Amino acid sequence: MKLYEYLGKELFARYDIPVPNGRLVENAEQAGDAAAELGDVVIKTQVLTGKRGKAGGIAFASSPEEAKKEASRIFDMSFSGYAAEKLLVEEKIAIKQELYLAVTIDGSAQRPVVLASLDGGMDVEEVPEERMIRWPVDAAIGLQPFMIREICRRMGVSGDLQKEFLQFLPKLYRMFKELDAELAEINPLALTPQGLVAADAKVTIDDDALYRHRDLPRISEKTDLEKKAEELDLAYVELEGDIAVMANGAGITMATLDMVQHYGGEPANFLDFGGGADVEKTSKSLELLLGTDPRVLLINIFGGITRCDVVAEAFVRVKESKGIDLPVSFRLVGTNEEEGRAILEKEGIKTFNAMDEAVRHAVELSA
Amino acid sequence: MSIYIDENTRVLVQGITGRQGSFHTGQMLAYGTRLVGGVSPGKGGQEVEGVPVYDSTFEALENHEAEASILFMPAPFVKDAAMEALDAGLKLLVLIPESIPLHDAMEIMAYARQKNAVIVGPNTFGLVSSGNSKIGIMPNRYFIPGPVGVVSRSGTLCYEIVGHLTESGIGTTTVVGLGGDRVVGLHFIDVLKKFEEDLDTRAVIMVGEIGGSAEEEAAAHIAANMDKPVIAYLAGKSAPPGKRMGHAGAIIERGRGTFESKVEALTGAGVKVADLPTQIAPLIQSILDKA
């Protein structure tokens with residue numbers, strides 16, 4: 001779950017990480033009031049997409065009138081399809097240098113990793129590898145002062161700034177760990193006469209750990225349908241085509257979409273209803289797909305932990321209660337496949353053994 | 001010769017009394033796995049499919065010797081159970097559950113490194129030494145002995161591919177599911193090394209997918225260290241661009257992670273990348289015929 005900048009900064013403040021003094025506003029009028037209070041300000045749109053600055057979503061203002069004008073301009077903009085409901089108005093800080101600092105997860109090292117660079121700002125992705133210091137942290141010992149000194153040495157940082165980092169980085173790491181973050185990124189990390197200040201905040205919380213962070217707000221970038229799927233604990237992504245696809249497992253679902261395209265069809269969605277779903281969840285998945293009004297339904301089941309009889313029973317249940325009147329291409333093999341086929345055959349529903357036969361059939365039906 | 005497990009590996013089932021735990025206990029016994037005991041706190045004294053159930057891993061190990069454990073429980077409880085198994089001295093853990101918090105997974109891996117233990121998963125189907133033993137949830141009948149090693153990030157897609165091999169009369173030495181999560185124990189390289197050393201394995205199939213950099217790392221390893229032929233299949237060619245994780249994700253991957261980058265890396269390492277899962281069995285057959 002990605003957090004808006006202002007929420008990330010609220011969390012930073014909770015962990016005693018310095019952030020600029022700011023106000024969250026919902027209209028241009030409030031932006032003017034905030035500027036009257038704060039003096040020279042920077043106004044920042046609160047959307048979850050990156051590159052806000054380049055797209056014109058960040059503006060400076062040196063009077064309340066100017067702040068109002070800029071705020072109303074930004075409220076009228078959209079960023080990758082998202083319009084901001086709120087703006088953050090912050091006091092303008094005196095920046096001597098823009099740095100970069102992040103803690104995230106390095107999957108291949110199985111560890112948290114600190115990323116630090118003296119070249120922060122807009123084009124941090126272009127920073128050459130040797131100017132971006134990476135330090136994997138062994139979770140067995142956590143972040144230690146020697147690591148921070150070593151990161152500083154490699155950046156060419158010493159003296160007062162190193163002391164700043166020794167204070168600053170442990171707070172960011174503690175927040176990353178305690179809040180189950182996947183990413184806690186500060187770009188730019190501003191070096192000011194008062195020390196290091198987090199001029200931006202990009203924080204992502206691990207969705208699978210949200211259950212133990214009930215105090216955090218819930219933010220979703222999903223469409224209504226995707227939200228409904230999320231409530232059912234399904235992995236669902238809307239696509240442009242007309243063949244609705246339902247499969248069990250992310251890999252096989254992706255491979256099914258690849259194969260649909262390979263044979264000239266267009267998938268309407270990605271729906272992985274997971275492993276070991278019961279009749280209830282399987283029925284709900286089917287109902288959700290039927291609600292999208294596709295031209296053809298393609299079901300590809302290779303049962304391991306998922307049981308074919310359960311899928312068949314769910315299909316029959318939905319057919320009886322809601323009616324399934326579009327053409328269906330059904331592939332069903334694996335755990336309890338005989339039982340599953342028997343249930344479907346009683347209803348006059350044919351199944352395929354081979355995945356590519358089922359996919360080709362679905363593509364033919366959609367033509 | 002087999003890798004990681006063989007017919008003598010003694011196995012505990014943690015979370016044996018649950019719906020998945022009990023069902024797969026029966027399936028593993030049917031395959032021939034030596035399940036010596038089960039663990040389910042508060043349920044000690046029962047039996048599941050004839051396997052005795054204990055209240056703790058320590059209690060199970062007071063009564064039986066074991067080397068490995070397979071875990072079935074809701075995600076919030078996996079860290080505690082895995083740490084218990086590692087503390088009790090087990091050397092191979094198979095973590096079946098999905099949706100384990102990433103920070104929990106990182107702590108489990110850190111402790112496993114201290115204990116010199118192997119973690120398979122989380123979010124995996126497990127592993128099988130074909131014809132000998134399986135510690136996992138894969139459907140039994142597709143895993144017959146033969147000369148091919150298989151290592152996969154995804155579960156069902158791997159069944160699909162092994163199923164094709166089986167229908168073509170080609171069996172497997174060992175099949176390993178790495179797990180679909182961002183933080184997992186075994187990686188492609190670990191398993192590829194074992195296959196290279198395994199005398200029974202004559203060819204290797206790797207099943208990858210978009211995201212992360214594991215396939216690119218594997219490609220570099222194959223180019224430098226492997227003589228055995230490797231065939232790959234990668235899922236996700238048609239997937240829309242995935243969600244980026246701020247700049248950090250891009251920096252970590254440095255342009256890797258896309259379908260094209262993986263195909264390029266693997267092809268450059270001499271790996272034949274199949275366009276469809278159905279092309280793998282014929283490709284493997286032609287390699288085996290040549291040798």
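Q: Which residues of helix 6 of chain B meet helix 7 of chain B?

A: Phe188(B), Ile189(B), Leu192(B), Lys193(B) and Glu196(B) in helix 6 meet Ala214(B), Glu215(B), Glu217(B), Ala218(B), His221(B), Ile222(B) and Asn225(B) in helix 7 of chain B, where contact means heavy atoms within 4.5 Å. By class, this contact of helix 6 with helix 7 of chain B has six nonpolar, two polar and four charged residues; Ala, Val, Leu, Ile, Met, Phe, Trp, Tyr, Cys and Pro count as nonpolar, Asp, Glu, Lys and Arg as charged, and the others, Gly among them, as polar. The model is a predicted one, in which local features need pLDDT of at least 70 and side-chain atom pairs pLDDT 80 or more, while totals for chains, interfaces and linings use all residues. Residues are numbered from 1 along each chain as its sequence is written, chains are lettered from A and ligands numbered from 1 in the order in which they are written, and side-chain values use heavy atoms, with hydrogens and water left out.

Q: Why are helix 6 of chain B and helix 7 of chain B called roughly parallel to each other?

A: Helix 6 (residues 188-197) and helix 7 (residues 214-225) of chain B pack at an angle of about 30 degrees, with their axes 9 Å apart; helices here are DSSP runs (H or I, at least four residues) numbered from the N terminus, as are strands (E, at least two). Axes are lines fitted to C-alpha atoms, for helices over the stretch in contact, and angles run from 0 to 180 degrees between N-to-C directions. Angles under 35 degrees count as roughly parallel, over 145 as roughly antiparallel, 65 to 115 as roughly perpendicular and the rest as oblique, and helix 6 of chain B is therefore roughly parallel to helix 7 of chain B.

Q: What makes helix 8 of chain A and helix 9 of chain A oblique to each other?

A: The axes of helix 8 (residues 279-290) and helix 9 (residues 308-322) of chain A come within 8 Å and cross at roughly 50 degrees, and the two helices are therefore oblique to each other. Among the residues that meet are Leu286(A) and Leu290(A) in helix 8 and Val311(A) and Phe315(A) in helix 9 of chain A. The residues of this contact divide into eight nonpolar, two polar and five charged.

Q: How do you know that the side chains of Lys54(A) and Asp123(A) meet in a salt bridge?

A: The N to O distance for Lys54(A) and Asp123(A) is 2.8 Å, and a salt bridge is a side-chain nitrogen of Lys or Arg within 4 Å of a carboxyl oxygen of Asp or Glu. This pair links distant parts of the chain, 69 residues apart. A search of the whole structure finds 36 salt bridges over all chains.

Q: How many salt bridges are counted between chain A and chain B, and what is the area buried between chain A and chain B?

A: The count between chain A and chain B is five salt bridges, and the side chains of Glu160(B) and Arg331(A) meet in a salt bridge at 2.6 Å, N to O. The area buried between the chains is about 5,100 Å², of which carbon and sulfur atoms give 58%; buried area is the accessible area (1.4 Å probe) that two parts lose on being put together, summed over both. In this interface 66 residues of chain A are in contact with 57 residues of chain B.
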